[in-house]
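Good morning, and thank you for the time.

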Amino acid sequence: MRFDVVTLFPAIFDGYLTQSLLEKAIQRGLVDIQRHDLRDWAQDTPHRKVDDRPFGGGPGMLLQVDVTVRCVNAVDELSLTPARRILLTPQGKRFDQRMAEDLATSDRVMLLCGRYEGFDQRVTDILEPEEVSIGDFVLNGGEVAAMVIIDSVVRLLPGVLGDENSSVQDSFSRGNRLLEYPQYTRPREFQGHCVPDVLLGGDHGAIAAWREKQSRIRTEQRRSDLLDGRSDQND
Ligand code: 6GU
């Protein structure tokens, strides 16, 4: 699977690409992540301007449609497979595990990271990307959101995680709408806090039942919206 990330700040991704589980996935050829500096498609040298003030007034600057369309078309031509285009914006459809699972079936995804007040509307009108948000809060730019999306998608690709099953049981995956149960490792007791007896007893049926109950309790207390489907705007 290939990601093309269009950004004004390609260096933001440096540590992420080399310091995480991702590095191994890249080395093993399971995923390819290419960054593209939007500024490389600016026309005026030496300023390489990519933004301008909004018509009608208002705060901040907008990323310009001509630069962005040139960039996306050039990136598209780097590969024969057309990329699924995603524009990162707080105005987008909210990202969730289902969307991650869907993206993991694509060969190629292009992520457009906005900065400032975002892109000129005509970027969306012309390039028709899917507009995606990672939640109801505002980031300084789409780069962190792009990393969130890449991270959640890459771990779903076959061969990336050691145990092929370990992403299937995740909270929020298709078959599981509950939060994870609490887990413990050694020591058995620390500062008077003990590991629940049932986990030490070796009765696998009892352990499974305890975990299921803990998942349910946690979900009711913290995320009751998951139980009645209210959280899922995308259903
Ligand atoms: Cl995708 N971009 C920005 N700038 N802020 C966000 C976001 C994206 N998702 C949530 N907040």
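Let me begin with arginine 48, which counts as partly exposed because it has 14 C-beta neighbours inside 10 Å. On this scale a residue is buried if 20 or more other C-beta atoms lie within 10 Å of its own, exposed if 12 or fewer, and partly exposed in between, with C-beta atoms placed from the backbone. Arginine 48 is not a glycine, yet its phi is positive, at about 50°. It sits in the loop between β2 and β3; helices (H or I, at least four residues) and strands (E, at least two) are DSSP runs, numbered from the N terminus.

Two remarks on the source. The model is predicted, so local features need pLDDT of at least 70 and side-chain atom pairs count only at pLDDT 80 or more, while totals for chains, interfaces and linings use all residues. Residues are numbered from 1 along each chain as its sequence is written.

The loop that holds arginine 48 also holds proline 46, between β2 (32-37) and β3 (51-52). The peptide bond from threonine 45 to proline 46 is cis, with omega near 0°. A cis peptide bond also joins arginine 186 and proline 187, where omega is about 5°. Proline 187 belongs to the loop between α6 (143-154) and β8 (189-190).

A positive phi, near 45°, is also found at glutamate 128, again a residue other than glycine. Glutamate 128 lies between α5 (121-127) and β7 (130-133), in the loop, and is exposed, with 10 other C-beta atoms within 10 Å.

On the overall layout, the domain assignment, which is automatic or from a database, gives domain 1 (2-154) and domain 2 (177-235). Their C-alpha centres lie 36 Å apart.

I turn now to helix α6.

Leaving aside residues up to four places away in sequence, leucine 112 touches Val6, Arg85, Ile86, Leu87, Leu88 and Pro129, contact being C-beta atoms, placed from the backbone, within 7 Å.

Leucine 156, in the loop between α6 and β8, is buried, because it has 20 C-beta neighbours inside 10 Å. Beyond four places in sequence, leucine 156 is in contact with Ala100, Glu101, Ala104 and Ser167.

Finally, the ligand. The shell around it has 13 residues, of which Leu88, Pro90, Ser133, Leu139 and Ala145 come nearest; a residue is near if its C-beta atom, placed from the backbone, lies within 6 Å. Strand β5 (residues 84-94) provides the largest share of this shell, 3 residues.

Key. Two residues are in contact if their C-beta atoms, placed from the backbone, lie within 7 Å.
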